[in-house]
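Student: I am new to this structure. Can we go through it by question and answer?

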Amino acid sequence: MTRPRIALIGCGFFARNHMQAWAELGAEVIAVCDRDLDKADGFARDFSVARSYQDAATMLAEQRPEIVDIATTVTSHRALVELAAGVPVVVCQKPFAETLADAAAMVAACDAKGSMLLVHENFRWQKPFRLLKAAMTEIGVPRFLRLSFRHGHDIYFNQPYLAEVADLALTDVGLHLFDLARFLVGDVANVHCRTQRLNPHVAGRDAFVASLGHASGAVSSVECSFFTQRDPDLFPQTLALVEGDGGTLELTAGYRLIRHRAGTAPENAEPDLPVWGARPWHGIQESVVAFQAHVLDVLAGRAEPQPSGAHNIGTLAVTLAAIRSASIGQVVAVDQQEAGPR
Ligand SMILES: NC(=O)c1ccc[n+]([C@@H]2O[C@H](COP(=O)([O-])OP(=O)(O)OC[C@H]3O[C@@H](n4cnc5c(N)ncnc54)[C@H](O)[C@@H]3O)[C@@H](O)[C@H]2O)c1
């Protein structure tokens with residue numbers, strides 16, 4: 001079987017994980033692009049890529065890839081996804097878009113040209129959550145979910161732009177957690193959220209607590225802080241508790257999956273350390289490999305996008321509803337009409 005032709009746009013901090021994961025999967029990145037050509041040239045050198053470009057349109061016209069992997073920050077996503085529409089598989093990093101209108105336009109552009117559109121939502125592809133999802137068949141109908149992502153890791157060292165984002169906890173990790181809540185328990189009907197600004201050195205709100213009402217009647221409690229002082233620090237682990245009619249499952253610190261059932265030992269849910277990886281990042285790095293293996297399955301027709309751009313519009317709608325709830329101090333309905341096509 002020939003190896004699919006992959007082109008990557010955005011040669012920044014996180015894209016190094018994309019490149020390592022494509023290499024681990026034996027996939028061929030034929031070209032990379034960055035508006036800062038030095039960065040594109042650096043990636044081409046570091047990862048033995050044949051061509052580097054400064055302009056994404058030129059790269060796509062000349063290289064005709066089968067997968068476009070967009071790893072830029074959010075403000076560039078709409079223009080780049082619209083440009084890439086027509087390529088068989090388009091992958092866009094999170095946050096997918098800043099507005100529902102932009103997200104709907106990106107989905108429509110890909111639909112019109114027959115492209116499969118995925119959002120790089122890797123939290124649901126983390127090993128602990130793959131195992132938790134599989135184990136949920138053991139506990140009946142889920143009624144309650146708690147997700148907790150609290151740490152004090154210096155995320156601003158590699159991602160200095162985060163220090164300027166107004167709702168950084170909600171728009172950087174909140175949407176990962178809301179995608180997890182939808183993945184595990186289903187669609188969200190309404191949200192109440194409180195935000196905090198804890199770190200005096202950042203401009204935005206770096207913590208939140210959200211209460212989600214799911215369409216099924218289940219409820220979720222979702223919390224996130226980037227300024228939690230504890231040793232050892234839990235970064236980048238997400239803790240979880242799911243209660244169903246027939247049992248309770250829990251992900252605890254140290255990547256342990258616990259079935260709250262007499263006589264059941266904890267299961268080790270720790271992700272493998274990729275050969276190119278480093279602790280504590282392996283929790284995320286392994287999920288990038290798992291997600292990108294899924295992208296190859298989508299291209300080959302072996303899987304449906306998880307999640308698709310259309311699905312991720314709903315996650316963006318929850319995130320925007322949470323921001324609004326925090327600003328007005330009330331429960332806000334997540335308007336699925338407004339959320340666009342499913
Ligand atoms: N899924 C995850 O776990 C995870 C983790 C970290 C970051 N991210 C996301 O990845 C994205 C990138 O984050 P980062 O920290 O690597 O950012 P970064 O600023 O380090 O890299 C982005 C790169 O994109 C380039 N770029 C921007 N617009 C471009 C355009 N139109 N054409 C070509 N190149 C362009 C920039 O020059 C820059 O080099 C963000 O949206 C971030 O939220 C996801």
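**Overall shape and core**

Student: What radius of gyration does the chain have, and what would a compact globule have?
Tutor: This is a predicted model. The chain has 342 residues, so a compact globule would have a radius of gyration near 20 Å. The chain agrees with that, at 20 Å.

Student: How many helices and strands are there in the chain?
Tutor: Both kinds of element are present. The count is nine helices and 15 strands.

Student: What percentage of the residues in the chain is buried?
Tutor: Buried here means under 20% relative accessible area. Of the 342 residues, the buried share is 54%.

Student: Which residues touch the most other members of the largest nonpolar core?
Tutor: This core holds 85 residues. Helix H7 (residues 168–185) gives the largest share, eleven residues. The members that touch the most others are Leu177 and Phe208.

Student: Why does this core lie between domain 1 and domain 2?
Tutor: Look at which domains supply its residues. Because both give residues to this core, it lies between domain 1 (5–120) and domain 2 (124–270 + 313–333).

Student: How many residues are in the second, separate core?
Tutor: Its members include Cys11, Met19, Ile67 and Ala290. This second core is separate, and its size is 25 residues.

Notes:
Residues are numbered from 1 along each chain as its sequence is written. This is a predicted model: local features need pLDDT of at least 70, side-chain atom pairs count only at pLDDT 80 or more; totals for chains, interfaces and linings use all residues. Side-chain values use heavy atoms; hydrogens and water are left out. A nonpolar core is a set of buried Ala, Val, Leu, Ile, Met, Phe, Trp, Tyr and Cys residues joined through side-chain atoms within 4.5 Å. Buried means under 20% relative accessible area, exposed over 50%, partly exposed in between (1.4 Å probe, protein chains only). Helices (H or I, at least four residues) and strands (E, at least two) are DSSP runs, numbered from the N terminus. Domain bounds come from an automatic or database domain assignment. The radius of gyration is taken over C-alpha atoms; the globule rule is 2.2 Å times the number of residues to the power 0.38.
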